[in-house]
Amino acid sequence: PATEALNDLALLVRSRYALIHLETAEEARAEALLRQLGDRLQLPLFVWRRVKGLRRDGTTGPIYGTEDLRGALAHVECARFPALYCFHDVDADLASAELVSLLRAAIMPYESMAGAVVLRGANLELPESLRPQSAVVQLPAPSPDEYRVLIDSIHRDVSLRQQVENALTPDEFSQLVNNLRGLSLTEAGKLLTKAMVEDGKLSAADIALVVQAKKE
């Protein structure tokens, strides 16, 4: 499913859709997907977060004057640089006519050049005036393989700090993966980390822990 979303995004950018709404609540998955998209299209990725500002992916410091959304959009418009720009959590800002106008100016160059502005959010409503230049791509729920990779990754990370025994049989591992379905990778990651740190092992008891946490 994530591969389909990547293919959809690549097609939209190549088709000169200047504004894309990536519908997901998961920041990390969205950025990982856009990083893959940038590699495929040979476009750099820039990421904006409130207060932290706009920064090129892989660097630490923000571009000067971009901590505020107005400054960040003005930079995108003036730079006219072939790139992907990801803006997180701008849902409330789209109620401002001034910011919508700045966004419209920022995306205009990408109607005729490589790149796009991507708005990441789960409950974002695009104003009517922006919809002709925009498209929506929904990032689907994590796949079983993504959960498997997450479990192995957290086990490795926690093992660097303390001894962690993996006491799951192959069948129990599959049960754990199946019961994680419906959780975001962030939610699943917090649960798994807590389970491993508390008793120093990954066991069948953690399957019941996940089931109980989902009920709560």
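1. On a 1 Å grid over the protein atoms alone, a pocket is an open set of points with protein on both sides within 12 Å along at least five of seven lines, while a cavity is a set where a 1.4 Å probe fits but cannot get out; lining residues have an atom within 4 Å of a point. Grid points are joined across faces, edges and corners, and a volume is the space filled by probe spheres set on the points.

2. The model is predicted: local features need pLDDT of at least 70 and side-chain atom pairs count only at pLDDT 80 or more, whereas totals for chains, interfaces and linings use all residues. Residues are numbered from 1 along each chain as its sequence is written, and side-chain values use heavy atoms, with hydrogens and water left out.

3. The largest pocket has a volume of about 210 Å³. Its lining comprises 11 residues, with A2, R29, L33, Q36 and E146 nearest the centre. Two or more residues of this lining come from each of α1 (2-14) and α2 (27-41); α2 gives the largest share, four residues. Helices (H or I, at least four residues) and strands (E, at least two) are DSSP runs numbered from the N terminus.

4. By class, the lining of the largest pocket has six nonpolar, three polar and two charged residues. Here Ala, Val, Leu, Ile, Met, Phe, Trp, Tyr, Cys and Pro count as nonpolar, Asp, Glu, Lys and Arg as charged, and the others, Gly among them, as polar.

5. For the second largest pocket the volume is about 180 Å³. It is lined by 14 residues, and T24, A25, E26, L139 and A141 lie nearest its centre. The lining divides into seven nonpolar, four polar and three charged residues.

6. There is one cavity of 30 Å³ or more in the structure, and the largest cavity holds about 40 Å³ of space. L69, L73, F87, V90, D93, L94, L99, L103 and L119 line the largest cavity, with at least two residues each from α3 (69-79) and α4 (97-107). Eight of the lining residues are nonpolar, none is polar and one is charged.

7. Overall, the protein has eight helices and eight strands, and its C-alpha trace spans about 55 × 35 × 30 Å along the principal axes. Of its 216 residues, 44% count as buried, meaning under 20% relative accessible area (1.4 Å probe, protein chains only).

Definitions and conventions. Buried means under 20% relative accessible area, exposed over 50%, partly exposed in between (1.4 Å probe, protein chains only).
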